[in-house]
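The report below takes up the fold, the core and a few individual residues of one protein. Please keep the sequence and the model at hand while reading.

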Amino acid sequence: MMKTIRHQFYFEQPPEVVWAYLTQPELMALWLMKSNFKLEMGYEFQFRTGPMPQLNIDGIFHCKVQEIIPCKKLVYSWQCGPGEGKIEVDSLVVWQLNAKDNGTELLLEHSGFREIADLDLYNGFNEGWVKNVQKIMDLLKEK
C-alpha cells in the first residue's frame, strides 16, 4: 500500500503570484532548494541540498516535469536515494492552484511512498512541505 502526502494552503495573493514561487528557480531557492528547474514539459532537473543521512538521502532530488497548466497545475517526478545512482524513492509531486476568495487555494499532493519502507521519508517530507510552504507565505507578507 502506498502513502500520499496531502496539504491545502490558502494565500491572499492571486494564482499568478503563487505560481511564480513554484516555477521560478530564483524564488524556489528562497523556500525550497536550489535547482536548475525550467518550466518545460519533459525537462529533467535537480533540487540540491545537503545530505540527510538520517533519511538515507544524498541531498540530490532528481525530477522531471510531467504536466504544466500555467497558473493552475504543475506536476513533476521526485526521485532520491543515498547516492551513487541508487534511487530508493520514486514519487510524484502535484501542485494545483485554484482562484478562491480573492486569493489562491494551493493543493499539494506528494505520492508514491511505500507505507513501511518509506515511513521516515514520508514523515520528513510531510513536515518539510508544511514548513517550506510557510516560507512562501512569510516571503509574500514581507512584500
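Residues 24 or more positions apart account for 51% of the protein's contacts with a separation of 6 or more, where contact means heavy atoms within 4.5 Å. This is a predicted model, in which local features need pLDDT of at least 70 and side-chain atom pairs count only at pLDDT 80 or more, while totals for chains, interfaces and linings use all residues. Residues are numbered from 1 along each chain as its sequence is written, and side-chain values use heavy atoms, with hydrogens and water left out.

The secondary structure consists of three helices and seven strands, arranged from the N terminus as β-α-α-β-β-β-β-β-β-α; helices (H or I, at least four residues) and strands (E, at least two) are DSSP runs, numbered from the N terminus. The radius of gyration of the protein is 15 Å, in agreement with the value near 15 Å that a compact globule of 143 residues would have; this radius is taken over C-alpha atoms, and the globule rule is 2.2 Å times the number of residues to the power 0.38. Along the principal axes, the C-alpha trace spans about 45 × 30 × 25 Å.

Of the 143 residues, 43% count as buried, a term that means under 20% relative accessible area, with exposed meaning over 50% and partly exposed lying in between (1.4 Å probe, protein chains only). The largest nonpolar core has 42 residues, and those with the most contacts inside it are Trp31, Phe47, Tyr76, Trp78, Trp95, Phe125 and Trp129. Helix H3 (residues 119-142) gives the most to this core, namely nine residues. A nonpolar core is here a set of buried Ala, Val, Leu, Ile, Met, Phe, Trp, Tyr and Cys residues joined through side-chain atoms within 4.5 Å. In soluble globular proteins, nonpolar side chains tend to be buried together. When residues up to four places away in sequence are not counted, the partners touched by Trp31 include Tyr21, Leu22, Trp95 and Trp129, as well as Ile136 and Leu139.

Helix H1 is mostly covered, with seven of its nine residues buried; among them are Val18, Trp19 and Tyr21. Val18, which lies in H1 (residues 15-23), has a relative accessible area of 0% and is therefore buried. Leaving aside neighbours within four places in sequence, Val18 is in contact with Phe11, Gln13, Leu97, Thr104 and Leu106. The C-alpha atoms of Val18 and Ile136 are separated by 8.2 Å, although the two residues are 118 residues apart along the chain.

Met2, placed in strand E1 (residues 2-11), is exposed, with a relative accessible area of 53%. Met2 touches Gly112, Phe113 and Arg114, again not counting residues up to four places away in sequence, and its C-alpha atom is separated by 7.6 Å from that of Ser111, 109 residues apart along the chain.

Most residues other than glycine have a negative phi.
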